[in-house]
2 protein chains.
Amino acid sequence: MPIEQARRYMEAALDLARQAAAAGEVPVGAIVVKDGEIIGHGGNRPIAGHDPTAHAEIVAMREAAAKLDTDRLIGCDLWVTLEPCAMCAGAIAHARIARLYYGASDPKGGAIEHGPRLFEQPTVHHRPEVYSGICEDAAADLLKKFFSARR
Amino acid sequence: MPIEQARRYMEAALDLARQAAAAGEVPVGAIVVKDGEIIGHGGNRPIAGHDPTAHAEIVAMREAAAKLDTDRLIGCDLWVTLEPCAMCAGAIAHARIARLYYGASDPKGGAIEHGPRLFEQPTVHHRPEVYSGICEDAAADLLKKFFSARR
């Protein structure tokens with residue numbers, strides 16, 4: 001995939017992260033793409049949704065699965081602005097996501113290249129291809145600004 | 001808690017697991033209890049729900065959080081018939097579940113005493129108290145019968 005196309009997809013996820021920030025949620029956004037089409041959109045919304053599981057990735061994957069009438073997102077890619085946590089990494093495996101693209105790393109809560117490194121665990125049932133660092137600075141800046149404004 | 005009371009809670013989760021099996025889903029059930037009252041019920045339903053995240057624990061915690069109008073299940077306990085996977089263990093941490101009670105161990109997909117052992121990871125933000133082995137045989141038998149009938 002040309003880098004410009006990759007940036008366009010991550011920019012769509014960043015838009016959802018900005019909307020989350022405007023709503024007072026931690027700014028993380030995600031989209032699910034199948035055959036070039038965006039079929040799932042998620043902004044982080046646990047507070048507004050009264051739902052501890054409503055991370056951007058989960059919201060986007062649930063929308064995509066409902067749209068496809070299935071629980072397996074075969075051939076689908078997930079784009080998310082931040083390294084997924086263990087909950088979301090587990091959901092990505094259950095959903096059989098083909099490729100995971102993320103922006104900023106998350107040493108404190110990430111579960112891909114940090115902590116449990118879930119896709120390196122022998123008990124994980126599915127491993128997507130993983131690509132990181134796309135629009136990393138924009139994604140990290142959003143989070144930094146959000147948290148510094150709250151201090 | 002007297003063991004008879006513990007068995008009654010787990011029996012409620014087992015009922016939900018049996019209903020899941022009757023619907024053709026992997027038989028796992030869960031409840032959320034606050035101050036002695038069951039405020040969340042979940043049977044495993046990814047297939048019927050077209051939702052890769054619809055494990056029993058997630059369904060039960062989402063119901064409880066919606067009922068309490070919050071994303072944090074402070075002071076709530078989760079009872080589930082099978083050792084939670086990484087996705088569900090992550091959700092349990094996000095929800096701030098106080099105590100986790102589970103029935104059967106799951107060496108293939110469990111993430112509490114197997115695989116990533118999520119609550120032993122330094123990056124996990126919350127660790128519930130964990131109690132296992134309650135009605136273990138009943139929970140394991142349900143799963144064994146379900147999978148042997150499908151072979």
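These questions and answers cover a predicted model with chains A and B.

Student: Which residues of chain A does UniProt give to the feature "domain: CMP/dCMP-type deaminase"?
Tutor: The annotation comes from an unreviewed UniProt entry. In that entry the feature sits on chain A, at residues 4-113.

Student: How far apart are the end C-alpha atoms over residues 4-113 of chain A?
Tutor: Over this range, chain A is 42% helix and 24% strand. The end C-alpha atoms of the range are separated by 25 Å.

Student: How much area do chain A and chain B bury between them?
Tutor: Interface size is often quoted as the accessible area lost when the parts come together. Here, 30 residues of chain A contact 30 residues of chain B. Carbon and sulfur atoms carry 65% of the buried area. The total is about 2,500 Å².

Student: Which residues in chain A lose the most area to chain B?
Tutor: Three residues together account for 25% of what the chain A side buries. They are A:His50, A:Pro52 and A:Arg62.

Student: Which residue of chain A meets the side chain of B:Arg62 in a salt bridge?
Tutor: Between chain A and chain B the count is 2 salt bridges, and over all chains it is 12. In this pair, B:Arg62 lies in helix H3 (residues 56-68) of chain B, and its partner is in the loop between H2 and H3 of chain A. The N to O distance is 2.8 Å, within the 4 Å cut-off. The partner is A:Asp51.

Student: Which element gives the largest share of the side of chain A that touches chain B?
Tutor: Elements giving two or more residues to this side are helix H2 (46-49), helix H3 (56-68) and helix H4 (86-95) of chain A. The largest share is 6 residues. That share comes from H4(A).

Student: Why do the rings of A:Tyr9 and A:Trp79 count as tilted?
Tutor: The structure holds 8 aromatic pairs over all chains. The ring centres of A:Tyr9 and A:Trp79 are 5.1 Å apart, with their planes at 40 degrees. Planes under 30 degrees apart count as stacked and over 60 as edge-to-face.

Key:
Residues are numbered from 1 along each chain as its sequence is written. Chains are lettered from A and ligands numbered from 1 in the order in which they are written. This is a predicted model: local features need pLDDT of at least 70, side-chain atom pairs count only at pLDDT 80 or more; totals for chains, interfaces and linings use all residues. Side-chain values use heavy atoms; hydrogens and water are left out. UniProt positions are given in the numbering used here, feature names are shortened, and annotations may be inferred rather than shown by experiment. Helices (H or I, at least four residues) and strands (E, at least two) are DSSP runs, numbered from the N terminus. Contact means heavy atoms within 4.5 Å. Buried area is the accessible area (1.4 Å probe) that two parts lose on being put together, summed over both. Rings of Phe, Tyr and Trp (its six-membered ring) pair if their centres lie within 6.5 Å; planes under 30 degrees apart count as stacked, over 60 as edge-to-face and the rest as tilted.
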